[in-house]
Amino acid sequence: MKSKVGIIGRGNVGSALARGLERAGYEVSVRGNDAAAVRELGAWAPIVILAAPHGAVDAVVAALGDTIAGKVLVDATNALTPEFQLALGFTTSAAEELQKKAPAARVVKAFNTIFAQNMESGQVLGQKLTVFAAGDDAAARAATLELASAIGFDAVDAGPLAHARYLEPFGVLAIRLAYGLGMGPGIGFRLVH
Ligand SMILES: NC(=O)c1ccc[n+]([C@@H]2O[C@H](COP(=O)([O-])OP(=O)(O)OC[C@H]3O[C@@H](n4cnc5c(N)ncnc54)[C@H](OP(=O)(O)O)[C@@H]3O)[C@@H](O)[C@H]2O)c1
């Protein structure tokens with residue numbers, strides 16, 4: 001029996017991950033900007049994926065409240081300024097800031113380097129893309145890697161949550177390649193290993 005997965009955000013990312021996870025046999029529930037529904041989701045799911053805009057993090061954490069204690073909280077956000085620059089980095093990351101705001105959750109950074117249109121299959125041109133998972137709790141990382149593999153990604157353990165400092169600029173590189181340099185979102189990164 002596969003795990004229940006809650007997804008916060010029913011936009012490009014949330015809906016694509018939901019389709020991929022449902023196809024892989026997970027029981028998935030998706031909620032949008034509705035605090036009561038987000039709280040209900042937190043109570044229901046052992047794994048919650050945050051697929052809302054980075055600016056919504058405080059509201060989401062407040063809505064989840066104590067329901068997220070002990071749960072895996074996967075941070076798929078990219079924290080960008082309005083000019084599409086990285087909003088924070090070097091000495092912290094969006095994921096580490098999320099962990100400080102929700103200290104009882106087991107935060108894992110993952111999926112932020114993948115374009116939404118490739119999230120349902122985990123592949124581009126028949127090749128598996130690599131999803132990196134960084135978090136301080138080994139079991140939470142493993143649970144995230146299992147989800148990503150089940151969707152169809154190549155899933156790689158990227159170590160502690162502080163490594164989100166490297167994954168987040170990597171997400172910005174993807175955005176630059178796709179939208180700044182005209183390659184479009186039908187691209188993705190693959191680690192040869
Ligand atoms: N698009 C990509 O290719 C991509 C790739 C990697 C990472 N990301 C990151 O993933 C996140 C989502 O991106 P997206 O493209 O899916 O955005 P999107 O299509 O604009 O969808 C955002 C979703 O977030 C929900 N939301 C907003 N405020 C909320 C709140 N306070 N509580 C709960 N839900 C809230 C919205 O709910 P309603 O539907 O109720 O309005 C909406 O469903 C962003 O952080 C982005 O940086 C995006």
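Let me begin with a definition: a residue counts as near a molecule or strand if its C-beta atom, placed from the backbone, lies within 6 Å of it. This is a predicted model, in which local features need pLDDT of at least 70 and side-chain atom pairs count only at pLDDT 80 or more, while totals for chains, interfaces and linings use all residues. Residues are numbered from 1 along each chain as its sequence is written.

Around the ligand there are 24 residues, of which Gly-9, Gly-11, Val-13, Gly-32 and Thr-77 come nearest. By class, this shell has 13 nonpolar, 10 polar and 1 charged residues, where Ala, Val, Leu, Ile, Met, Phe, Trp, Tyr, Cys and Pro count as nonpolar, Asp, Glu, Lys and Arg as charged, and the others, Gly among them, as polar. Its largest share, 3 residues, comes from H1; helices here are DSSP runs of H or I with at least four residues, and strands are runs of E with at least two, numbered from the N terminus.

Turning to helix H2, residues 35–44, we find Val-38, Leu-41 and Gly-42 buried, that is, with 20 or more other C-beta atoms within 10 Å of their own, these atoms being placed from the backbone. Seen down the axis of H2, the buried residues fall within an arc of 100 degrees, taken from the directions from the helix axis to the C-beta atoms, so they line one face of the helix. They pack against strands E1 (4–8), E2 (27–31) and E3 (47–50), and against helix H3 (57–64), with contact meaning C-beta atoms, placed from the backbone, within 7 Å.

Terms used
Buried ≥ 20, exposed ≤ 12 C-beta atoms within 10 Å, placed from the backbone. Contact = placed C-beta atoms within 7 Å.
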